[in-house]
Amino acid sequence: MTAKELAKKLNISTAAVSFALNNKQGVSDKTRQRVLNAAEQYGMNLSKQQTKCHERTFCFILYRREGAVVADTPFFSQLTEGIERGCKELGFKLRICYVYKQEDVVRQLADITRSDCSGIILLGTEMTSFDYIPFQRLKTPMVLLDVYFNTVQHDCILINNTQGAFLATDYLISRIKSQPGYLHSAYSIANFGERADGFYNAVRHHGMSTSKCIVHKLTPSVEGACADMLELLEKGEDLARGYFADNDWIAIGAMKAFQKKGIKIPEDVSVIGFDNIPAANYLEPPLTTVNVPKQHMGVLAVKRLADVLDNGNNSVIKLEIATGLVFGGSVL
């Protein structure tokens, strides 16, 4: 008898059976004993079941297209921490792999799936729908993180970017009482497109014209955004009273440029970011930003993948994680 079959007989989850058989936290002592008694009753080979559980490995794949947005960032680190925690709780091993667009993607995937890989968690922040095609053909169970395509055939867990940007822009407008500006990434990814939708939805919600918004396209890094904004300031570009930025790196870079030119934050210009990276708290003033529960996303991805493997739950889902505002001092 398998752990899945035993779980069905006992009317509990396969994860609960796994916890009990492997003496892990997550089930009560009563449930643990019930599982062990039933396993003995049905003649299960406990050592085999325990070994089988521990042998399973999840591969966390980071897709690198250009590398301009996703690299060794706090977002990636915190997401990884969540995945590691989820794997530890459920008794899976974890292997982190990189797939590079510039190389033979099909060959890279073949090398990964040929090895010990029970399931895949794919970070697709930099992916386009075209980039996704080789992954769509994989037979290995997979959960896609931080991106969604209409052609997707795998489970997706992502940020509700539109909602987060709307919340941020709505709050910004309520504080500055005027037309907001937009610090838009010069690098195009799906997340930033969704955040643009949220920004413009909030502008329309306040009865303002989207065409009157001042938009500056900046490189999505602190150094790049600072250099780009300094160049715009030296050219005498018009400034908005307050800005929503596509991510915290852009917001921080722009703030540094403003301060170098003697523009006070938030007295002269307010700025609000997105992602709530740790560096946002160490600015002067601290950055008001949109919080993304990154570790929670990682844990959910592991649990969903385990559910598919253990319970055969193959109905494709799309799960959007809600965001919230973190108030600093960068908005008046």
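These legends walk through several close-up views of a predicted model. Local features need pLDDT of at least 70 and side-chain atom pairs count only at pLDDT 80 or more, while totals for chains, interfaces and linings use all residues. Residues are numbered from 1 along each chain as its sequence is written, and side-chain values use heavy atoms, with hydrogens and water left out.

**View 1. Strand 1, wrapped on both faces.** Helices (H or I, at least four residues) and strands (E, at least two) are DSSP runs, numbered from the N terminus. Is strand 1 (residues 57–64) largely enclosed or left open? It is largely enclosed by the rest of the structure, because 8 of its 8 residues are buried. Here buried means under 20% relative accessible area, exposed over 50%, and partly exposed in between (1.4 Å probe, protein chains only). In a regular strand the side chains alternate between the two faces of the sheet. On one side sit Thr57, Cys59, Ile61 and Tyr63, and on the other Phe58, Phe60, Leu62 and Arg64, with both sets buried.

**View 2. The partners of strand 1.** Two strands pair if DSSP finds at least two bridges between them. Strand 1 runs parallel to strand 2, joined by 8 bridges, and Tyr63 stands opposite Val99 there. Strand 1 also runs parallel to strand 3 (residues 119–123), this time with 5 bridges. Look for Leu62, whose bridge partner in strand 3 is Leu123.

**View 3. Two nonpolar cores.** In soluble globular proteins, nonpolar side chains tend to be buried together. A nonpolar core is a set of buried Ala, Val, Leu, Ile, Met, Phe, Trp, Tyr and Cys residues joined through side-chain atoms within 4.5 Å. The largest one here has 51 residues, and Leu6, Phe60, Ile121, Leu123, Leu145 and Phe244 have the most contacts inside it. Helix 5 (residues 74–90) gives this core its largest share, 6 residues. Apart from it lies another core, of 27 residues, including Met229, Tyr243, Val269 and Ala280.

**View 4. Around Phe244.** Contact means heavy atoms within 4.5 Å. Setting aside neighbours within four places in sequence, Phe244 touches a list of residues that includes Ala165, Leu172, Tyr182, Arg195, Phe199 and Phe274.

View 5. Tyr100 belongs to strand 2 (residues 93–100) and is partly exposed, at 31%.

View 6. Most residues other than glycine have a negative phi, and most peptide bonds are trans. The bond from Ile265 to Pro266 is cis, with omega near 5 degrees, and so is the one joining Glu284 and Pro285, with omega about 0 degrees. Asp146 has a positive phi, near 70 degrees, and is buried at 2% relative accessibility. Asn276 has a positive phi too, near 55 degrees; this residue is in the loop between strand 9 and strand 10.
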